[in-house]
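Please consult the sequence and coordinates shown here alongside the text.

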Amino acid sequence: MIGLYTAATPNGYKVSIALEELGLPYDLHALDLGANEHREDWFLGISPNGRIPAIVDRDAGDLAVFESGAILIYLAEKTGQLMPSDVRGRSEVLQWLMFQMGGVGPMQGQATVFHRYFEPRLHLAVERYRNETARLYRVLDRRLRGREWLCSAYSIADIATWPWIRRYDWSGIPDVEELEHLQAWMDRMAARPGARAGSRGRRPRDGPKWSTWPGKCWFARWRRDPRAPPAGPREACAIVSGVPAPWRPPPGIVRRRSLPHAMPFAHRRW
Ligand SMILES: N[C@@H](CCC(=O)N[C@@H](CS)C(=O)NCC(=O)O)C(=O)O
C-alpha cells in the first residue's frame, strides 16, 4: 500500500491522478497547508523540502519519495505503465515531464502569486510570469497539433501538466481560448475517469474518506469557486510566504508589522 501525503493543489493532484489511473490502492493523508502541517518534523522526514506531495511505499521497505516528478517516474517504473521503456519513448516522456516541472509549474506558480496576492501590485512581475507562462502554453499548443497526448501515448507527462493548465483562469493567463489544440487536450484529459477521480478531492477508490480534503485551507475554497478571493491575507500569506497561519500575536505582545523573512506584502497590516 502506498501512503500519499498531499493537499488539494496542482502538484498534489498529479500524484492522486496517477494513482487513480494506475488503479493502485493508497491511503491518503491530506495535510492542512494552512495549519503548516507540511512544516512539521514528522513530515520533513518524508519530504525534506517541506512541500507536498510525497509518498511512502510500504511495499518497498517504506521508501519515501518527494518531488512530484520523481514520484510520477517512480510509479510509472513500479508498474511499467504511463511511460514507455524503450530509450526513445522514455526520453520523450521525460522531456515533457521536465518541461512541466521546470517550466509550466514554476512559472505559473509565480504568475498566480503575483497576480493574486502581492500588494502593492508588482506589474512588471505580473507581466513577466504571465507572459512566460502564456509562451509555454503556446509551446504545448504547437506540440499538441495533430496529437492526442503530449507523447506517443497517454503518459505521466500529461498527468503532470493538466492539473496546472486547467487552472489558467485562476492564474490570470490570457488568451487560452485561442489555443485550440491545448483546449482539445484539456477536454480529453477531463474526460478520463482516473483524471477526474484524482483531481476532485473525493474518496479514492479503495481508500478512506478524505476527511480533511476539501478541508480547512483556502485551496479548498477556491476549488469550489475559483472566482472567489482568498479568505484573507493571513491565509494567503501563510501559503506563499511561509508566515505561520493562523498567526496571532501572543497575549500582551504588540503586533509586529514586519517579520524577519518578510516578503513585501507581509508588511501589510493584518
Ligand atoms: N517541485 C515540487 C513543488 C512542491 C510544492 O511547491 N508544493 C506546494 C503545493 S502545490 C506546497 O507544498 N506548498 C506549501 C508551501 O509552499 O508552504 C513538486 O513538484 O513536488
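The points below are grouped by topic, after a note on the model.

The model is predicted: local features require pLDDT of at least 70, side-chain atom pairs count only at pLDDT 80 or more, and totals for chains, interfaces and linings use all residues. Residue numbers start from 1 along each chain, following its sequence as written.

**Nonpolar core**
- A nonpolar core is a set of buried Ala, Val, Leu, Ile, Met, Phe, Trp, Tyr and Cys residues joined through C-beta atoms within 7 Å.
- The largest such core has 60 residues, of which Ala18, Leu72 and Ile156 touch the most other members.
- Helix H4 (residues 87-116) contributes the largest share of this core, nine residues; helices (H or I, at least four residues) and strands (E, at least two) are DSSP runs numbered from the N terminus.
- Leaving aside residues up to four places away in sequence, Ile156 touches Ala18, Leu72, Ile73, Ala76, Leu82, Met83, Val93 and Leu97, where contact requires C-beta atoms, placed from the backbone, within 7 Å.

- In helix H6 (residues 156-165), ten of ten residues are buried; a residue is buried if 20 or more other C-beta atoms lie within 10 Å of its own, exposed if 12 or fewer, and partly exposed in between.
- The cover over the buried residues of H6 includes helices H1 (10-22), H3 (68-79) and H8 (180-190).
- The axes of H6 and H8, lines fitted to C-alpha atoms over the stretch in contact, come within 11 Å and cross at roughly 105 degrees.
- H6 and H8 are therefore roughly perpendicular to each other, a class that spans 65 to 115 degrees.
- From H6, Asp158, Trp162 and Ile165 meet Leu182, Met186 and Met189 of H8.

**Ligand shell**
- Among the 13 residues around the ligand, Thr9, Asn11, Arg51, Ile52 and Ser68 come nearest; a residue is near if its C-beta atom, placed from the backbone, lies within 6 Å.
- H1 gives the most to this shell, with three residues.

**Backbone features**
- The Ile52 to Pro53 peptide bond is cis, with omega near 0 degrees, and Pro53 lies in the loop between helix H2 (41-44) and strand S3 (54-57).
- Glu119 and Pro120 are also joined by a cis peptide bond, with omega about 0 degrees.
- Leu82, a residue other than glycine, has a positive phi near 65 degrees and is placed in the loop between H3 and H4.
- Leu82 counts as buried, with 21 C-beta neighbours inside 10 Å.

Notes. Contact = placed C-beta atoms within 7 Å. Axes fitted to C-alpha atoms, helices over the stretch in contact; angles between N-to-C directions. Parallel < 35°, antiparallel > 145°, perpendicular 65-115°, else oblique.
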